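Good morning. I will talk through one protein chain, starting with the whole and ending with a few single residues.

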Amino acid sequence: MTVNKNYILYIGGFRLPDGTASAQRVMSNAVMFQELGYKVVFAGKGMDDKSTNEWFKVDDYDVYNLAYKKFSNTNINFIYSILKRIPQGSLYGIVAYNYPGIALDKLRKFCKENNIFLISEITEWYAFEPSKKFVSALLRKFQTEYRMRYVNKKIGNIICSSQYIQKYYKSYNTMLNPNVINVGDPKWNKEQIDINQEVKGFVYAGSPGKNMKKDRVDYIINAFSNIDESKNPYVLHIVGITKDQFLKQFPKYLSFLNNNDSIIFYGRVPHKKVISMLKNADFSIVFRLDTRVTKVGFATKISESISCGVPVIANDEYQEIGHYLEHGKHAILFNGFELTKLIDAVEYAIKLNKEELSAMKSRCSTDNPFSYKNFIKPTKKFFSTLSK
């Protein structure tokens, strides 16, 4: 009797169903894999210190959450518990999402011994971040470099979130996947919202990284501090960090923020709330400086914003965003990292009339380049050329 090898095990530090941006990404990818005929089983990470090893369902997918304290950077023994849930001989491949280098190498050897395809999915190349836990930071740096410079090349099958990382692995089997969206999910249904001609609404939503060096919220705040609000009224919603967290890192903005009612901080909020806020905005906004960390990843909130029918303001020196979005149609894009260009982009957005903004929003809704449907063929081709 021939066994159909059609199962994919998707493993990583994501927290399902919607605890992290990575959870959103892998769930959409799973829908795409399923459309190609594969059955997906997840192995993720518990939410907190109190979590335990457990099986549960998310949208009919089997999910194994490894207890937070037992998630290991070096051990893959948990995989044997998961394999008991998958019919013997039917595991086609494993997709390892930003997996720690040592554990990934053990996974590579396991897959080779068991004739299973292994795919490494890369959305991050972490920098060295010295802190009070210097040894931990050093170990994380080693794990990252070991994964990126050695193990991934041994695996040879890599899903890349950016053109930058795809070029780094140009000699290997790769596919480009910025952050696809399952636009059929009801949460993306567009709401009929009247455009306020008087006050433009902006949203920054994300996790700005350690010391807020990934997404430069300080540049965004600085840009809005240069806007004459009496002539160009606005409201800016900052989601993902609190006002106190921001000021601890950038205290020079204390006076401005204390005297400005148009910039509102929310801290971390449930993903459904973020989506609702995006839908009610006129623009989302992202600003990043030139670092390897920012070049490797693709901002999740860009694809989510477009899927909410909301255009994006962003700098795009290396045409990562412009590879998918057209300036003036889906987004307001500009090259470089100068504050003055960000200010110009915000002022341009504020001065758009109702018809111009409506046209941009309509384009986002009807022409979404991040729909997973646009990535079905490249994914099928990628899977057909996997190496073991």
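First, the ground rules. This is a predicted model, in which local features need pLDDT of at least 70, side-chain atom pairs count only at pLDDT 80 or more, and totals for chains, interfaces and linings use all residues. Residues are numbered from 1 along each chain as its sequence is written, and side-chain values use heavy atoms, with hydrogens and water left out.

Now the whole chain. The protein chain has 14 helices and 14 strands. Helices (H or I, at least four residues) and strands (E, at least two) are DSSP runs, numbered from the N terminus. The radius of gyration is 22 Å, close to the 21 Å from the globule rule for 388 residues, so the chain is as compact as a globular protein of that length. That radius is taken over C-alpha atoms, and the rule is 2.2 Å times the number of residues to the power 0.38. Along its principal axes, the C-alpha trace spans about 75 × 50 × 40 Å.

How much of the chain is buried? Of the 388 residues, 54% count as buried. Buried means under 20% relative accessible area, exposed means over 50%, and partly exposed is in between, with a 1.4 Å probe and protein chains only. Next, contacts, meaning heavy atoms within 4.5 Å. Among contacts between residues at least 6 apart in sequence, 70% join residues at least 24 apart.

On to one pair of strands. Strand E10, residues 234-239, runs parallel to E11, and four bridges join them. Strands count as paired if DSSP finds at least two bridges between them. In this pair, His 237 stands opposite Ile 264 in E11. Strand E11 covers residues 263-267, and its covered face holds Ile 263, Phe 265 and Gly 267, while Ile 264 and Tyr 266 make up the uncovered face.

His 271 is in helix H9, residues 271-279. Is His 271 buried or exposed? His 271 is buried, with a relative accessible area of 10%. Leaving out residues up to four places away in sequence, His 271 touches Asp 18, Gln 24, Lys 187 and Glu 304. Ala 359 belongs to helix H13, residues 354-366, and is partly exposed, at 49% relative accessible area. Ala 359 and Lys 170 are 189 residues apart along the chain, and their C-alpha atoms are separated by 38 Å.

Last, some backbone details. Most residues other than glycine have a negative phi, and most peptide bonds are trans. The peptide bond from Leu 16 to Pro 17 is cis, with omega near 10 degrees. Pro 17 sits in the loop between strand E1 (7-12) and helix H1 (21-35).

Asn 98 is not a glycine, yet has a positive phi of about 40 degrees. Asn 98 lies in the loop between strand E5 (91-97) and helix H3 (101-113), and counts as buried at 11% relative accessibility. Asn 211, also not a glycine, has a positive phi of about 60 degrees. Its loop runs between strand E9 (200-205) and helix H6 (217-225). At 37% relative accessibility, Asn 211 counts as partly exposed.

That is the end of my part.
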